Amino acid sequence: ENPNSVLQMLDWLEQHGMKTDSLGKKNVQELLKTAQEPLRSVLLLRQKLAKSSVKKYQAMEMTACKDGRARGMFQFYGANRTGRFAGRHIQLQNLPQNHLPDLSEARELVRQGNYEALDLLYDSIPDVLSQLIRTAFVPRAGMKFVVSDFSAIEARVISWLAGERWKSEDFAAGKDIYCSTASQMFGVPVVKHGINGNLRQKGKIAELALGYGGSVGAMKAMGAQEMGLSDDEIQQIVTDWRDASPNIVKLWWDVDRAVKKCIKEKTEANVKGLHIFCESGFLFIELPSGRRLAYVKPKIGENKFGGESVTYMGVGEQKKWERIESYGPKFVENIIQGIARDILLHAMMNLRDYRIVAHVHDEVIIEATDDITVDEIVQKMCITPRWARGLTLRADGYECEFYMKD
């Protein structure tokens, strides 16, 4: 009756001889390798339905005001641990990316309602609709969008805060950080599409997966297994990355020790420009900007391995008020994302004379007249705050007639 109902779909599959306990993306891909008809067609159709993101279009209709503009889409300080904005209504923070080479043509066919042509030209109409969600956002008549985003902001911030000098220097020199990371890990020169270029991908997934204490599981989530790597090879990459980034690893455990000490002894500590202290039933971590991250009713408990762990009260994964467990690398993740948020707000203040219509984590979308250039927006984005001396920022930008991912 409802193909989007997981329970109904699992029940139907079982009735037709396929027993599975999950319809997650990777699980469905595995099932498709051996599925016979009609099971194969049903699984493929469900995949397409899941991608169509029809609810986004419904949310747009519900959110749009009489003048066609969507408002109230950003909640200030919506993420209570980092202070980042949260998306509301249409949820700009989790829009599907677009990879269609002929985006404008596909968009025009949908606007015309020419579904026969869409069916003829593309494998999947739901996939096309999914990729076109961003393009529904358009500037006023006679205006354009200028989109600018920070390049590798979290990697830059953690390298700067931890004092991982080789990374900060390579960022400042404009080098490809994934090549630099692979080179540092494997002790050989790595050039994109050049010498040892095959190692760059390993450097990339390591850089993306391991900055906040991730290990083999985090690497697998980033697609390490799909690269044909065994568990032993993945573990070796984890070890190589940590050996190449000793100051980042040290930052995790310096923060871990400082937080535990502050909770136990009701004292304060300073770690790499962070001021950590307990006051009035809160654990506070004061960021270089002066803003504080707050953790309610912190305690020292015991983790599943029998070691010490920090817990505090907060809204957990089930959206319930409960005790949440944390440790050094997780606190560092909150800190880095909090600092990145402050840098975005600093950029938005520098861009206050422009019409910012939206922003997503590390990206600003500006509704601009023709005389405003991408370069002038990017230059203002790259101004480092006074409290972040030594941090090199880089931003990229592009202009478009409708919102898209360049």
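**View A. Helix 10 crosses helix 13.** The axes of helix 10 (residues 177-186) and helix 13 (residues 231-244) come within 8 Å and cross at roughly 100°. Axes here are lines fitted to C-alpha atoms, for helices over the stretch in contact, with angles from 0 to 180 degrees between N-to-C directions. Helix 10 and helix 13 are therefore roughly perpendicular to each other; that word covers 65 to 115 degrees, while under 35 is roughly parallel, over 145 roughly antiparallel and the rest oblique. Helix 10 makes the contact through T181, Q184, M185 and F186, and helix 13 through I237, D240, W241 and A244. Contact means heavy atoms within 4.5 Å. These residues divide into 5 nonpolar, 2 polar and 1 charged. Ala, Val, Leu, Ile, Met, Phe, Trp, Tyr, Cys and Pro count as nonpolar, Asp, Glu, Lys and Arg as charged, and the others, Gly among them, as polar.

**Notes for every view.** This is a predicted model: local features need pLDDT of at least 70, side-chain atom pairs count only at pLDDT 80 or more, and totals for chains, interfaces and linings use all residues. Residues are numbered from 1 along each chain as its sequence is written, and side-chain values use heavy atoms, leaving out hydrogens and water. Helices (H or I, at least four residues) and strands (E, at least two) are DSSP runs, numbered from the N terminus.

**View B. Helix 1 has buried residues along one face.** M9, L10 and L13 of helix 1 (residues 6-15) are buried. Seen down the helix axis, the buried residues fall within an arc of 100°, so they line one face of helix 1. The arc is taken from the directions from the helix axis to the C-beta atoms. L7 and Q15 are exposed on the other side. Buried means under 20% relative accessible area, exposed over 50%, and partly exposed in between (1.4 Å probe, protein chains only). G17 follows helix 1 and has a positive phi, near 90°.

**View C. A cis peptide bond joins E37 to P38.** Omega of this bond is near 5°. P38 lies in the loop between helix 2 (25-34) and helix 3 (39-51).

**View D. Two lysines, K266 and K297, have positive phi.** K266 has phi near 50°. K266 sits in the loop between helix 14 (246-265) and strand 4 (268-271). K266 is exposed, at 61% relative accessible area. K297 has phi of about 45° and is found in strand 7 (residues 292-302). K297 is exposed too, at 53%.

**View E. S309 is buried in strand 8.** Strand 8 spans residues 308-315. The relative accessible area of S309 is 4%. Leaving aside neighbours within four places in sequence, S309 is in contact with K299, I300, G301, E302, N303, E325 and S326.

**View F. Cysteines C65 and C400 in a structure with 0 disulfides.** A disulfide is a pair of cysteine sulfur atoms within 2.5 Å. C400 is buried, at 7% relative accessibility. C65 is partly exposed, at 33%.

**View G. D406 is exposed after strand 12.** D406 is found in the segment after strand 12 (395-400). The relative accessible area of D406 is 69%. D406 and F171 are 235 residues apart in sequence and 22 Å apart in space, C-alpha to C-alpha.
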